[in-house]
Amino acid sequence: MTGAAYPYVEAGTALPEITTGTRATGWWGMVWLCVTEAMLFACLIASYFFLRGSINGFYAEGGHYPSLTLPLPMTAILLASSATMWWGERGIRRGDQRRLRIGLALTFALGVVFLVLQSIEFRHNPLGPTVSAYHSIFYTTTGLHGAHVAMGLLMNLYVQLQAWRGHFTAKRHLAIQNVSLYWHFVDAVWIVILTCLYLSPRLW
Amino acid sequence: MTTARITLSGLAERLDAQWATPHTVYGWFATVDHKKIGIRYLVTAFVFLLLGGIEAALMRAQLARPNGHLLSPEAYDQLFTMHGTTMIFWYASPILSGFGNYLVPLLIGSRDMAFPRLNAFSYWSFVLSGLFVYASFLAGAAPHGGWFAYVPYTGPSYSPGLNMDFYALALLFLTISTTVGAINFVVTIFTMRAPGMSLSRMPLMMWSTLTTSVATIFALPALTAALILLELDRRFGFRFFDATGGGTPLLWQHLFWVFGHPWVYIIILPATGMASMMFPTFCRRPIVGHTYIALATVSTGLFGFGVWAHHMFATGMPLLSTTFFSAASMAVSVPSGMQVFAWLATIWAARRHVFSTTFLFLLGFIVLFVIGGVSGVMTASVPYDWQVTDSYFVVAHLHYVLVGINLFPVIAAFYYWLPKMTGRLLDERLGRWNFWVMFIGANLTFFPMHFVGVRGMPRRIYTYPAGMGWDSMNMLESVGAAVFAIGVLLFLINVLWSRRAGAIAGDNPWGASSLEWSTTSPPPEYNFEIIPVVRSREPLWDAQPPATDAAVAEYRVLDDGRRTLGTTVLDGQPQEVLRMPGDSLWPLAIALTLAAMFTALLFASLAGILVTGALVLLCAGGWLWPQPEELVP
Amino acid sequence: MIAAMLRPLAVFQLRAYYDRAPSTMSAASHDAQRLATLGVAMTVVATLIFLLVVGIIGFGLWRRRNSPDALDSPADVRTPVDVSENWWILGGGLAMPVVVLAGVFLMTLSTMRAYRPAPAGAPEILVIGHQWWWEVRYPNDTVITANELHLPVGRAVHLELRSADVIHSFWAPNLEGKTDVIPGQQNEMVLRADSAGVYRAECAEYCGRQHANMALSIVAEAPADYQRWLSSTKAVAAAPANDTARAGLAVFMSHSCAFCHSIRGTPATGSFGPDLTHLGSRSTLAGGALPNTVGYLAGWISNADRLKPGTKMPASPMDGASLQAVVRYLEGLK
C-alpha cells in the first residue's frame, strides 16, 4: 500500500496553525464557491449560444450587436480594479496595512464606477429584456454578473471595515485572500461575457 | 522512535469540556456537531420519505381501478409532482448527506467537518426549504407541473398561480443548502484525513461522497440557471421559453437534464459507497477490487454528465445526436457493472456469510440494481425509447434504480450504523420480516409497471380507461404498494423499538474494519481522543490497530481547544492544526432570514425582499466577524 | 334524462372502439414490429444477465452454507480467500457488459437504419396538439377534423406535428414510437399501418389536467375507403334533416358554441375548439374520453366539466328541448 512512512512527524514537533493561503480550509471553500458560480455563468453562456444556434432571427428585434462604447471602458476599469486588489493583497502579505487599505478603497471605487457605467448601458438601450429571448438572456447574464460585482463590493466594504481596525497581519489575512480571489473570479467572468456576448457576434 | 511526553490522563474530560454541546435549548439550536447534524438530516429526510410515500399511496389508491374518482385531476397532478419532487430532492440526497455528515469525520479519523457552522446552516436551510415547499399545500397551490416542470405548461400563461413559484423558490433555497454541503464534504475529505490515510487507503464511501460532491458543485448550477430563467419568464415576462419571442421550451429541457441526469447519479453513488463498506463486514473479508470500485465511482460521476439528452430522444433531435447519446448512455452503465461484479466477487470469495438484516438488504439491493440497470439499457436504445419513454416502463425503471440503489442500501445502512449512533442494535427477527415485506412489496409494485408501459399506458395520467389491458396490473401494483408501505412501517417500528429495548451494541458489534468502529457507541463528541494513524485500507483489521499504538505524538492529541488535524491531499501527511469553531446561532439565523427572503420573493414584495436581504447580509457579517481569539497575532 | 347523462365517468368500455389494445406488442406496422422485436431481444438479454447475477449470488451463498455463523477475528479476516480480482471485474464487469452493450447498440443501429423517410407523394397530414384534443388537417385536400386520423393501409403518410399551446406527444403504440409536439417547432414523423383497423393514439407528455384524456383514433383502411372518407370529410356539413335538427342548429348558433367551434357550411367558424363538421361520424368524444352517443353528447354539452374536469369547454346549461335538438343536429353531421 502506498503512503508515507509512520510516524511522519518527529516527537515534540508542534504543527503550525495555518490560516492563510492554499493550506487554509477557508481558501479552498472560496475556490469551490467560485467553481460553482463559474458553472452558473457557463450555463447562461451556453444558453445564449443554444438560443442563437436554434432560433432564426435571434437578433431580429433591434437587430444590431450590443454596442461596445461602454463595455470596453468597463473592462478596463474592472481589470484595473483587479490590479489594485492584487496590489493591496501583496501589501498585507508584507504586513503593510496602509497599502491594503488603499488597495481595497481603490478597488471599491473602481467597482462602483463599473456598476454605474453598466446601469447607464442598460438605460440607454431602448429595448428591455422582455422584447425577445435574445434580450432576455443578454440582460440576465450581464445583470447577474453585475449582481456578483455588487456582492464583491459588499465583501470589500466588510473587509475594509476590518482592515481599518487593523485586523489583518502578514500571517493572518485569509479574508483578504478570499475576497481577492472572488474579485478576480468576477473579473474573469466579465472577460468571458465580453467575449461571448459582445465580441462574438461581430466575429462569427 | 522516541515517544513524546504528553499528559494523557484526564484527556477525555478535557476534550469533552471543549467539544460538548450543552444540553440546553441554546445548545440544541446552536450545535455544530456533525453527528447531531447528521442524525437530524437522517430523521428529517426520513420524514420526507414518509410524506412522499403518503403521496404515492394516494396515487396508487386512485390508480387501482380504471376511471378512478378518488382524486380530482388537479389533486392527482399536485400529488405526483410533490411525490417526485419530495423524493428526489428532499429525501434521496439529504438522507445520503445525513450518513455522510455523521460518518465522514469518523471514517477519516477527524473530529469534525471542515466547516462546522456551514454544516449546521446546510441542515437548517434544508429543513426550512422543505417546510417552504410543503406550505404550498396549505396555500392550496402545491406545484403541479411534474418534478421536471416542463415549460410552457409551467410558464406564466398556463400556470398563473403560485404553484410553480413555490417549486422554483423552494428549490433555489435547497440548492444553496446542497451546494454548501457539497463544498464542505470536498474540503473535509481532501484536507482532514488521518495521518497515513492516503487517497488509496481512504474508505470507498469517501470516494463516492467526494465524487458526488464534486458532481453536485458542477451540476446544481444548471438547475439554478433554469429556475432563475423560469421565474424571470413567470414574473417579469422574459421570453426564454416563449416560442413567440424567439425562445424555445427545449432550452428548459436541456438545462434541466444537464442538472437532472448527474443528479440521479448523485442520489445513488453514495449509497453504493456505503454498500462497499458494508459488504466486507458480512463477507468477513476486504472488498474485492477496491481500486476498481473507486475508479468506477469516479467514472460514473464523470460520464454521467455526458448522457442528459437521453431524456429528450422524442423531442425531434437530429438522429446523429440521439445516436451519440444512446451510445454514451449504454457506456455509462459499464462502470456500474464493474461495481456489481466487485460485490459479486466479494460474496463469492467470502470466508462466510453473516446473514444479518443489513446483508439481506444488500442482496436485495444488487437484485433490484440489476433489474433497474438492464431496463435502463433498454431505454438507452433510441428507437425502443421512442416506444417506452413517457410510459410506465420508465416509471418501472426509475423506481427500480431509486428504490434499489438508494432506499435499500439506506435501510441496510440504518441497520448497520444506527447501533453506532444510538448504542443499541435493532431487532434481527423483525429486520428479516422488514426485508422480505419490503422486497416483495417493491417487486409487486414496480415489476408490473414494465408490462403496462409496454402495453401502452402513458405516465402522469390521473386515470385510465378500462379494458386496455392495464386493469389487473394496476390493481396488482396498488396492492404491492400497500405491502411495501407495511414494510416501511416495520422498519419504523424496529427503529423505535430499538431505542427503548434494543440490545446494547458495544463499540464494534459487527467486527467491522473502518475507523468509526474504534469509538464507543455512540462516539464522544470529539470522536477520537487521539487522532488515529492509518496504515491500511482496513485499519481495525490490521495486526496493529491504531488504538493500541504505543507511540503517541503530541500532534495527534490536540487538546488545547477545539482542534483537529489537517493533512496533505495525496498522502495524508500531517501538515497543520485546524482550529474548529464552537456552537453558534448564526447558521440558524441566516437560514431563517433566507427563508424570510424567499417568502418575500414568493409574494413579490420589493420592500420585503430588501429588508430580508439586508438581514441575510447582516447575519453573514455577524457570522464571519473574527472571534477575539482569532485576532491574536 | 340529464341527470342520467351526468353520471361521472362510468364503466363504459372505450376499448370497444378500437380494434386492438394500444400495446407496443400488438404491432400493426412493420416499424412497430421491428420495435417489438428489438424489445423482446433486449428483454431476453436482460433476463439472461439477471439470471447470471442471481445465479452467482445464489451459488456464492450456497457454497459457504455450512460455515459457522460467527464473526471472525481480525487475524482471520486478514487472510482472505484467494480471488482473481481482474477476472471478476475486468472480465465480468467490463468485458462482458461491453460485448453485450455493443450487441445491443448494433441492434439499435440496425433498427434505426430501417426507418425510411416518407416517399414522394405521401399524404401530408398536419396534427396540432391542443389542451386536450387533437386537431387534424389534410392541407392538400382541405380536410379538417379532430381526434381522428385516417390513412390508407400499407402506405406511409407524413405527419407534421405542431402544438397550439404546451408540449404534447403523439403516440400510437400499435404503429410507431412517439414524437413530441412542441410549440415553436414543427416535428415530423412517418406513420404507416400495415393492417387495417382502428388504433388508439395517446398524448404521451404531461400537458395539464386532462393529459389522461387526449386520445385520437387512427383509422387504417383500404385506399378506396380512405379516398371516400377524404371526400366526405372535405364536404361541408349536412343540412339539418328535420325540424328538430333545424332547431338544433339555431340553438347552436344562438348559444356561444360558434365562438369556439366551426361547422363548415354554416356561419359557425370558431377555431378554438374542434371542428364539428362531421361530428356524427366520430366514434368518440372529448379527446377519446367518451363514447359518441346521444347521452354522452348531451351530458358533455350541458356540463363538460363534470365529465372531463378542467376542460376548456364551458358548461352550456339549457332546457331539455333545446338540448335534445342540438344533440339531434350534431349527431346528424355524418
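Which strand do two bridges join to S9(C), and do the two run parallel or antiparallel?

Author: The model is a predicted one. The strand in question is S6 of chain C, residues 168–171, which is joined to S9(C) by two bridges, and the two strands run antiparallel. Within this pairing, Trp171(C) has Glu202(C) of S9(C) as its bridge partner.

Strand S9 of chain C itself covers residues 197–203. Five of its seven residues are buried, so this strand is largely enclosed by the rest of the structure. S9(C) also pairs with S10(C), again in the antiparallel sense, and here the pairing extends over six bridges. One residue pair illustrates it: Tyr199(C) has its bridge partner, Ile218(C), in S10(C).

The domain assignment of chain C gives domain 1, made of 14–63 and 116–221, and domain 2, made of 236–331. The centres of these two domains, taken over C-alpha atoms, are separated by 29 Å. Their contact takes 19 residues from domain 1 of chain C and 16 residues from domain 2 of chain C. Strand S10 (215–221) is among the elements that give two or more residues to the side of domain 1 that touches domain 2; the others are strand S2 (133–138) and strand S3 (143–146) of chain C. The residues on that side of domain 1 divide into nine nonpolar, six polar and four charged.

Note on methods. Residues numbered from 1 in each chain as written. Chains lettered and ligands numbered in written order. Predicted model: local features only at pLDDT ≥ 70, side-chain atom pairs only at ≥ 80, totals over all residues. Domains from an automatic or database assignment. Contact = placed C-beta atoms within 7 Å. Helix = DSSP H or I, 4+ residues; strand = E, 2+ residues; numbered from the N terminus. Nonpolar A, V, L, I, M, F, W, Y, C, P; charged D, E, K, R; others polar. Buried ≥ 20, exposed ≤ 12 C-beta atoms within 10 Å, placed from the backbone. Pairing = 2+ DSSP bridges.
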